[in-house]
Amino acid sequence: MPVNQKAFADLSAELRAAQVALVAVSKTKPVEEIRELFELGQRNFGENYVQELVSKQPLLPQEINWHFIGHLQSNKVKHIAPFVHLIHGVDSAKLLKEIDKQAQKMDRTICCLLQVHIASEESKFGFDEAELSLLMKEIQNKQTVLSHAKICGLMGMASFTEDETIVRKEFSLLKSIYDRYASEEFNILSMGMSSDYKIAISEGSNMVRIGSLLFGVR
Ligand SMILES: *Cc1c(COP(=O)(O)O)cnc(C)c1O
């Protein structure tokens, strides 16, 4: 299925007006379709799998900002550290420290979003509020020292449900947690996908991750 250019134009205009950044989620999609969106002006793309990202990245323009949005294993950080722009799903202190180490090796700073578990489903990854608060305290009082990984904000996924009330409540919770830490440096709130981005934006998201709306169903 080709890229939905009309959907891209409409979505871009909608997000521009709302001052929300778009990460085009290109997992499982061929490089030709990514290039097509790139040529229409899209620069931020998101991938879920390390192997897939590492094989696509060299085939595409260097101007692309690659976002890693999937579950990242510590032993795979080294493969994306040379070029990744933003890692969304950081869900443990161990992973954060590994990103810091690999970024240092590359002499780069890598922006990270801490993933917060807001959905009712067990399966979704992320810190709960208490764990997040603990980690943020450790960083503030320098028990945990990061030199090359930078925490730039939070990311979360709402429950997979048709019930808008539940989704709204979860996004609203994430926004309230984000507001406790928000600053000039900590300024990204990544929430919202094809099915729920409008709710996410109305609850304060400033970065959405959208795949199927642009590329068709996977
Ligand atoms: C696949 C994925 C998306 C995009 O989902 P769509 O429903 O296709 O928009 C967003 N975020 C994460 C973490 C994903 O894995």
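In this predicted model, Thr28 occupies the loop that connects strand 1 to helix 2, the latter spanning residues 31–39. Thr28 is not a glycine, yet its phi angle is positive, at about 70°. A positive phi also occurs at Gln19, again a residue other than glycine, where the angle is near 55°. Gln19 belongs to the loop that leads from helix 1 (5–18) to strand 1 (21–25). The relative accessibility of Gln19 is 70%, a value above the 50% limit, and Gln19 is therefore classed as exposed.

Strand 1 is paired with strand 2 in the parallel sense, with two bridges between them. Within this pairing, Ala24 is placed opposite Phe45 of strand 2. Strand 2 comprises residues 44–47, and its side chains point two ways: Asn44 and Gly46 point one way, while Phe45 and Glu47 point the other. All four of these residues, on either side of strand 2, are buried.

Pro61 provides a further example of a loop residue, being located between helix 3 (50–56) and strand 3 (65–68). Its relative accessible area is 16%, which lies under the 20% limit, so Pro61 counts as buried. When neighbours within four places in sequence are set aside, Pro61 is in contact with Arg35 and Phe38. The C-alpha atom of Pro61 is 9.9 Å from that of Ile34, a residue 27 positions away along the chain.

Strand 6, made up of residues 149–156, is mostly covered, with seven of its eight residues buried. Strand 6 pairs with strand 5 (residues 110–116) in the parallel sense, and seven bridges join the two. In this pairing, Cys112 stands opposite Ile151 of strand 6. Strand 6 also runs parallel to strand 7 (residues 188–191), to which it is joined by four bridges. Here Gly153 faces Ile188, a residue of strand 7.

Leu189 is likewise part of strand 7. The relative accessible area of Leu189 is 0%, and this residue is therefore buried. Apart from neighbours within four places in sequence, Leu189 is in contact with several residues, among them Leu154, Leu174, Lys175 and Tyr178. The contacts of Leu189 also include Gly204, Ser205, Asn206 and Met207. By comparison, Lys101, which is 88 residues from Leu189 in sequence, has its C-alpha atom 24 Å from that of Leu189.

Ser205, one of the residues in contact with Leu189, lies in the loop between helix 8 (197–202) and strand 8 (207–210). Ser205 is buried because its relative accessible area, 5%, is under the 20% limit. Two backbone oxygen atoms are found close to its side chain in the list of polar contacts. A polar atom of the Ser205 side chain lies 2.7 Å from the backbone oxygen of Met191, and the side chain also reaches the backbone oxygen of Met207 at 3.1 Å. With neighbours within four places in sequence left aside, Ser205 is in contact with Val20, Leu189, Met191 and Ala200.

The ligand is surrounded by 13 residues. The closest of these are Lys27, Asn48, Ser194, Ser212 and Arg218. Grouped by class, the shell around the ligand consists of six nonpolar, four polar and three charged residues. The ligand on its own has 390 Å² of accessible area, of which the protein covers 91%.

Key: Residues are numbered from 1 along each chain as its sequence is written. This is a predicted model: local features need pLDDT of at least 70, side-chain atom pairs count only at pLDDT 80 or more; totals for chains, interfaces and linings use all residues. Side-chain values use heavy atoms; hydrogens and water are left out. A residue is near a molecule or strand if one of its heavy atoms lies within 4 Å of it. Accessible areas come from the Shrake-Rupley method with a 1.4 Å probe; for residues, only the protein chains shown count as cover. Ala, Val, Leu, Ile, Met, Phe, Trp, Tyr, Cys and Pro count as nonpolar, Asp, Glu, Lys and Arg as charged, and the others, Gly among them, as polar. Buried means under 20% relative accessible area, exposed over 50%, partly exposed in between (1.4 Å probe, protein chains only). Contact means heavy atoms within 4.5 Å. Two strands pair if DSSP finds at least two bridges between them. A polar contact is a pair of N or O atoms within 3.5 Å; within protein, one must be able to donate a hydrogen and the other to accept it, and residues adjacent in sequence count only if both atoms are side-chain atoms.
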